[in-house]
Amino acid sequence: MSTPTYDVLIVGGGVSGTALLYELARYTDLKALGLVEKYDHVAIVNSHGRNNSQTIHCGDIETNYTLEKAKVTKRTAGMVVNFATKLAPEQRDKIVYQYPKMVLGVGETECDFLRQRFTKFQELFPKMRLLERDDIAELEPKLVEGRRPEEPIVAMGSTDEYTAVNYTTLSEAFVEQAQQSAQEKGMACDVHLSTAVESITQGEDKLFRVKTPNKGTLTARYVVVSAGGHSLLFAHKMGYGLDKSCLPMAGSFYFTPQVLNGKVYTVQNENLPFAAVHGDPDVLVEGKTRFGPTALMLPLLERYNGKTFFEFLKVLRLDRNVIKALWDLMKVRDIRRYIFKNFLFEVPVLRERLFLKDIKKIVPSLTAQDVTFAKGFGGVRPQLIDKEKQKLVMGEAKINPGTGIVFNMTPSPGGTSCLGNAEKDMYLAQEFLGCNVDKEAFERDLLSGEIPLTDLERPEAHSLM
């Protein structure tokens, strides 16, 4: 059976790619959509629950978020919750989960910081509470148990929100809803699983040709590549984004017995571009608390796929500018110590005792015997380097040469922002293809009264032309 020339073809079936498929099918009048994914199931690489913290990031307990960034992240997080909670309860309950959440401050400096932050952020997050020691003990007794009475602690958080998500089941729902909407409209909506992409080229007729080993060559008027670090690889092959390099950052996790009722974050070190350690219930593993992540530079585009080593070498594009950017990072004492410590976190036998020191800040009564390395858990995030500026590009990045193809790189919180990023790509596709977008239905379904952004360029997202 021959495939049509797609109006939009999406490369990558993670949560970002499937979110875009859903939005295009549900809210546009395009006639033919396609998605290709090299594995036999959607969302089983970085979007899989083993490989991320399963968190809906809102910007309330993530202390590295500015107020402006939190406003946008809260909006996109709300879109995920609005989508999931409109599904049937039995499906919703496999996608989003309600747990208490808080960020814990330990010591006078962190406590003062959180009190000031609460005053600044409470209008944006009206459900958030400032939690003193007794409040903390009521919600999370293990945070207080075994802690010195004179040690100052305070927290801010909430108890009645959806805070966790299984991004694989979310992606499955996106595909299901996309195909249902497409069927109702008479729209083609093909999902090609177990279909790797060998190359992407654009002909003189302006059509893109996506070559695959098993489905032949697929043609499309517009292409969106949402394939993690591989997005930059495809961009480089087409001559785009050559001033960018990819530095994959791997994260590992540790399990303990269930010592927390909800998510507990810690105050971010402002000198570190990496997530501070936190503890979470695991939606895939009952009776455990998962702590992490660690952060380690890893020469792979996929954590457990050694074949991606050579692909890493291609996207690294090592030269003096990349070396200069890495050298500048290593000159920062906190980053230097952090990188060395996280390298030791990967050393068997030693790692559990070392990581215990970090998580005792959250749960003082834990012992080394309580901590086990979460084997097989932890993914890779594509951290971009701007070679011209010789520095890291923080947050999501987009390469849009204006030729009808877009390349997305979405490290954390890319999962939370999946529908917000898809919104941007939907409007970029509208601008290029001239299709219509049902904005009223979009806002009714996903925004639920939130004021829509007029400027789709998110503050923490970088458009790399």
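Colleague: Charges to start with. How many positive and negative side chains does the protein have?

Modeller: There are 58 positive and 59 negative side chains. The centres of the two sets lie 6 Å apart. Keep in mind that this is a predicted model.

Colleague: Fine. What radius of gyration does the protein have, and what would a compact globule have?

Modeller: The protein has 22 Å. A compact globule with 465 residues would have a value near 23 Å, so the two agree. Along the principal axes, the C-alpha trace spans about 70 × 50 × 35 Å.

Colleague: And how much of the protein counts as buried?

Modeller: 58% of the 465 residues. As for surface, the protein exposes about 19,900 Å². Carbon and sulfur atoms supply 52% of that area.

Colleague: How many helices and strands are there?

Modeller: 13 helices and 24 strands.

Colleague: What share of the contacts with a separation of 6 or more comes from residues 24 or more positions apart?

Modeller: That share is 76%.

Colleague: Let's pick a helix. What does H2 look like in length?

Modeller: H2 covers residues 67–85, which is 19 residues. From first C-alpha to last it reaches 26 Å.

Colleague: Why call H2 largely enclosed?

Modeller: Because 14 of its 19 residues are buried. The rest of the structure encloses most of H2.

Colleague: Is alanine 43 buried or exposed?

Modeller: Buried. Its relative accessible area is 2%, and the cut-off for buried is under 20%.

Colleague: Which loop holds glutamine 390?

Modeller: The one between strand S20 (380–386) and strand S21 (391–393). Glutamine 390 is not a glycine, yet it has a positive phi of about 55 degrees. It is partly exposed, with a relative accessible area of 22%.

Colleague: What about the peptide bond from glycine 292 to proline 293, cis or trans?

Modeller: Cis. Omega is near -5 degrees. Proline 293 sits in the loop between strand S17 (288–292) and strand S18 (296–297).

Colleague: New topic, histidine 230. Which helix is it in?

Modeller: Histidine 230 belongs to helix H7, residues 229–237. At 9% relative accessibility, histidine 230 counts as buried.

Colleague: What does histidine 230 touch, leaving out residues up to four places away in sequence?

Modeller: Lys38, Leu301, Glu302, Thr308 and Glu311.

Colleague: And methionine 330, where is that?

Modeller: In helix H9, residues 320–330. Methionine 330 is partly exposed, at 30% relative accessible area.

Colleague: Last one. What separates the C-alpha atoms of methionine 330 and isoleucine 200?

Modeller: 37 Å. Along the chain, methionine 330 and isoleucine 200 are 130 residues apart.

Terms used: Residues numbered from 1 in each chain as written. Predicted model: local features only at pLDDT ≥ 70, side-chain atom pairs only at ≥ 80, totals over all residues. Heavy atoms only, no water. Helix = DSSP H or I, 4+ residues; strand = E, 2+ residues; numbered from the N terminus. Expected span 1.5 Å × (residues − 1). Buried < 20%, exposed > 50% of the residue type's maximum accessible area, 1.4 Å probe, protein only. Rg over C-alpha atoms; globule rule 2.2 N^0.38 Å. Contact = heavy atoms within 4.5 Å. Areas by Shrake-Rupley, 256 points an atom, 1.4 Å probe, with all protein chains shown as cover. Lys, Arg positive; Asp, Glu negative; His and termini not counted. Charge placed at Lys NZ, Arg CZ, Asp CG, Glu CD.
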